[in-house]
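Please consult the sequence and the coordinates alongside the text.

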Amino acid sequence: MAGKGGTGKTTTSVNLGAALSYFGKDVIVVDANLTTPNVGLHLGVPVVPIHLHHVLQGKNEIHEAVYIHPAGLKIVPGSIALSDLHITNPEKLSSSLKKLRKLKPDFVLVDGAAGLGREALNAISAVDDLLIVTNAELPAITDAMKTIKLAEDYKKNVIGVVLTKTGQSNSEITIRSVESMLERPVISVIPYDVSIKHALKMKDAVVFTHPRSKPAVSYKKLAAALIGQDYVEDYSVKVEKKGFLVSLFKKFFK
Ligand SMILES: Nc1ncnc2c1ncn2[C@@H]1O[C@H](COP(=O)(O)OP(=O)(O)OP(=O)(O)O)[C@@H](O)[C@H]1O
Ligand SMILES: [Mg+2]
């Protein structure tokens with residue numbers, strides 16, 4: 001996920017991950033927002049013994065930093081400690097992500113930093129495909145334009161645009177205009193909805209906490225489209241939650 005600050009990248013990483021996992025896919029969400037990681041905050045991840053910063057500092061291997069959320073989603077959290085801000089080797093992200101392939105996940109979703117700084121570029125260069133997360137406001141679209149241009153320079157595949165927090169004001173740009181300005185299809189529209197705030201307070205994905213809310217349904221539709229499946233809502237499917245966050249490393253490698 002790439003785009004301007006505060007557009008909904010982390011919310012989208014977490015909820016698209018949750019939705020793909022709802023469809024039975026094996027998903028790892030990696031918090032590559034190194035200076036302000038908050039995938040963990042969105043999912044109520046406690047302070048973990050090994051995180052992405054340790055991996056980038058060369059202290060641990062990435063599979064040691066994979067944790068399983070009670071709903072089945074896997075997460076590689078970042079460190080929220082100030083002392084870890086001095087990352088020794090962010091360029092290690094790309095090779096670390098490649099090592100995740102050994103775990104044979106169906107999807108690895110990488111939550112990137114905002115903007116076009118070194119940190120954001122580093123995440124863009126480490127992935128194969130990009131989803132551009134933006135709001136329907138001119139400043140966000142201008143940033144999205146630059147991100148797409150950069151992705152092209154890096155020869156990355158831009159899957160499409162996810163327009164989030166829509167329906168808040170009547171100054172919003174229309175979907176058609178967004179598509180013509182960005183020359184990319186809008187593949188998902190996630191309305192602004194208070195359920196997202198409630199889910200954040202509950203430290204869980206809205207897909208799990210408010211499965212019938214508009215954003216949850218939109219994220220599930222996006223997940224279904226990405227896996228080439230028709231979306232049929234079935235509220236009888238309950239996400240079974242098991243215990244607490246556990247370390248995948250301890251489960252499989254010890
Ligand atoms: N569909 C939505 N409806 C209501 N609020 C939303 C929605 N999507 C995101 N938000 C809220 O917007 C804020 C920013 O979202 P988020 O943290 O996902 O953005 P971000 O792009 O990851 O930000 P950053 O650039 O700081 O990493 C959060 O408070 C989040 O709860
Ligand atoms: Mg974020």
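The model is predicted, so to speak of local features requires pLDDT of at least 70, side-chain atom pairs count only at pLDDT 80 or more, and totals for chains, interfaces and linings use all residues. Residues are numbered from 1 along each chain as its sequence is written, chains are lettered from A and ligands numbered from 1 in the order in which they are written, and side-chain values use heavy atoms, with hydrogens and water left out.

**Overall architecture**

- The protein contains eleven helices and eight strands; helices (H or I, at least four residues) and strands (E, at least two) are DSSP runs, numbered from the N terminus.
- With a radius of gyration of 17 Å, close to the 18 Å that the globule rule gives for 254 residues, the protein is as compact as a globular protein of that length. The radius is taken over C-alpha atoms, and the rule is 2.2 Å times the number of residues to the power 0.38.
- Along the principal axes, the C-alpha atoms fill a box of roughly 55 × 45 × 30 Å.

**Burial, contacts, surface and charge**

- Of the 254 residues, 51% count as buried. Buried means under 20% relative accessible area, exposed over 50%, and partly exposed in between (1.4 Å probe, protein chains only).
- Among contacts with a separation of 6 or more, 75% involve residues 24 or more positions apart; contact means heavy atoms within 4.5 Å.
- The accessible surface of the protein is about 12,200 Å², and carbon and sulfur atoms contribute 54% of that surface. Accessible areas come from the Shrake-Rupley method with a 1.4 Å probe, and for residues only the protein chains shown count as cover.
- The 32 positive and 24 negative charges have mean positions 4 Å apart. Lys and Arg count as positive and Asp and Glu as negative, while His and the chain ends are not counted; each charge is placed at NZ of Lys, CZ of Arg, CG of Asp or CD of Glu.

**The five-stranded sheet**

- Five strands form an open sheet in the order β4-β1-β3-β2-β8, with mixed pairing. Two strands pair if DSSP finds at least two bridges between them.
- The edges of this sheet are β4 (107-111) and β8 (246-247), each of which pairs on one side only.
- Strand β1 (residues 27-31) pairs with β4 in the parallel sense over five bridges. Within this pairing, Val-30 stands opposite Val-110, and Asp-31 stands opposite Asp-111.
- Strand β1 is also joined to β3 (residues 74-76) by three bridges, again in parallel; here the bridge partner of Val-30 is Val-76.
- Five of the five residues of β1 are buried, so this strand is largely enclosed by the rest of the structure.
- In a regular strand the side chains alternate between the two faces of the sheet. In β1, Val-27, Val-29 and Asp-31 point one way and Ile-28 and Val-30 the other way, and all are buried.
- Beyond its neighbours within four places in sequence, Ser-247 contacts Val-66 and Tyr-67.

**Helices α5 and α6**

- In helix α5 (residues 118-126), the residues Ala-120, Asn-122, Ala-123, Ile-124 and Ala-126 are buried. Their cover includes α4 (92-99), β5 (129-134) and α6.
- Ala-140 lies in α6 (residues 138-153) and counts as buried at 4% relative accessibility.
- Leaving aside neighbours within four places in sequence, Ala-140 is in contact with Lys-4, Thr-7, Thr-134 and Asn-135.
- Ala-140 and Lys-197 are separated by 57 residues in sequence and by 21 Å from C-alpha to C-alpha.

- Lys-165, which is not a glycine, has a positive phi of about 55 degrees. Lys-165 is located in strand β6 (residues 157-166) and is partly exposed, with a relative accessible area of 30%.
- Lys-203 also has a positive phi, near 55 degrees, in a residue other than glycine. Lys-203 sits in the loop between α8 (194-201) and α9 (206-209) and counts as partly exposed at 45% relative accessibility.
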